[in-house]
Amino acid sequence: AGLLTEWGLDPARHETSQRGPRMLNQSALVRKIIADYPRDALSAGEQGIMRMRLIVSAEGTVESCTIIKATNTAMLESPACKVMQRARFEPALDAQGQPFRSFYA
């Protein structure tokens with residue numbers, strides 16, 4: 001509850017929500033990240049793992065992206081947050097079935 005409050009979200013709505021946000025265009029975003037993969041990193045076989053948190057509006061758009069943890073590599077700087085601004089969601093639904101502001105990790 002403390003983190004939700006810190007992120008500007010309503011803990012009570014999350015506690016009783018029917019469901020969290022559902023990404024609608026994940027395949028398109030994955031294709032975009034792959035297409036933008038740095039050529040030098042690809043040639044060197046560099047890979048990374050990233051964890052991020054998106055704040056998703058009640059309309060299903062991304063309000064913000066925060067990289068929580070990422071693999072450090074020599075040639076790979078991720079454009080993931082830039083790409084994730086294009087993500088579209090079915091918004092989270094509260095106990096009454098109303099869309100509300102939530103997060104997606």
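Leaving aside its neighbours within four places in sequence, which residues is S102 in contact with? In this predicted model, S102 touches L9, H14, P21, L54, I55, V56 and A92.

**S102 and its surroundings**

S102 is a residue of strand β7. Its relative accessibility is 2%, which places S102 among the buried residues. One of its contacts is with H14, and the side chains of S102 and H14 are joined by a polar contact of 2.7 Å. Its contacts also include L54, I55 and V56. Strand β2 covers residues 50–56 and is joined to β7 by three bridges, with the two strands running antiparallel. Within this pairing, L54 has Y104 of β7 as its bridge partner, and I55 has F103 of β7.

**The sheet**

The open sheet consists of three strands in the order β3-β2-β7, and their pairing is antiparallel. Strands β3 and β7 are at the edges with a single partner strand each, so one side of each has no neighbour in the sheet. From one strand to the next, the twist averages 20°.

M52 has I67 of β3 as its bridge partner. The hairpin of β2 and β3 has five residues between the strands, and G60 in this hairpin adopts a positive phi near 90°.

How many of the seven residues of β2 are buried? The number is five, so the rest of the structure largely encloses this strand. In a regular strand, side chains alternate between the two faces of the sheet.

**The nonpolar core**

The largest nonpolar core has 13 residues, and those touching the most other members are L29, M52, L54, M84, A87 and F89. At least two residues of this core come from each of β2, β3 and α5 (80–84). Which element supplies the largest share of this core? Helix α5 does, with four residues. Nonpolar side chains tend to be buried together in soluble globular proteins.

A87, another residue named for the core, is in contact with N25, L29, G60 and V62 once its neighbours within four places in sequence are left aside. Of these contacts, L29 is itself named among the core residues that touch the most other members, and G60 is the hairpin residue with the positive phi.

**Salt bridges**

The whole structure contains four salt bridges. Three of them are listed here with the distance between nitrogen and oxygen.

| Pair | N to O distance |
|---|---|
| D94 and R13 | 2.6 Å |
| R22 and E90 | 3.8 Å |
| E63 and R101 | 2.6 Å |

D94 and R13 form a salt bridge with their closest N and O atoms 2.6 Å apart. D94 is in the loop between β5 (92–93) and β6 (99–100), while R13 belongs to helix α2 (residues 11–15), so this pair ties together parts that are 81 residues apart in sequence. D94 is buried at a relative accessible area of 5%, whereas R13 is partly exposed at 29%.

A salt bridge also joins the side chains of R22 and E90. This pair links distant parts of the chain, with R22 in strand β1 (residues 22–23) and E90 in strand β4 (residues 89–90), 68 residues apart. R22 is partly exposed, with a relative accessible area of 46%, and E90 is partly exposed at 31%. Which residues are linked in a network of salt bridges? The network is made up of R19, R22 and E90.

E63 and R101 form a further salt bridge. Here E63 lies in strand β3 (residues 62–70) and R101 in the loop between β6 and β7 (102–104), and the pair links distant parts of the chain, 38 residues apart. E63 is partly exposed, with a relative accessible area of 40%, and R101 is partly exposed at 30%.

Methods
Residues are numbered from 1 along each chain as its sequence is written. This is a predicted model: local features need pLDDT of at least 70, side-chain atom pairs count only at pLDDT 80 or more; totals for chains, interfaces and linings use all residues. Side-chain values use heavy atoms; hydrogens and water are left out. Buried means under 20% relative accessible area, exposed over 50%, partly exposed in between (1.4 Å probe, protein chains only). Two strands pair if DSSP finds at least two bridges between them. Axes are lines fitted to C-alpha atoms, for helices over the stretch in contact, and angles run from 0 to 180 degrees between N-to-C directions. A nonpolar core is a set of buried Ala, Val, Leu, Ile, Met, Phe, Trp, Tyr and Cys residues joined through side-chain atoms within 4.5 Å. Contact means heavy atoms within 4.5 Å. A polar contact is a pair of N or O atoms within 3.5 Å; within protein, one must be able to donate a hydrogen and the other to accept it, and residues adjacent in sequence count only if both atoms are side-chain atoms.
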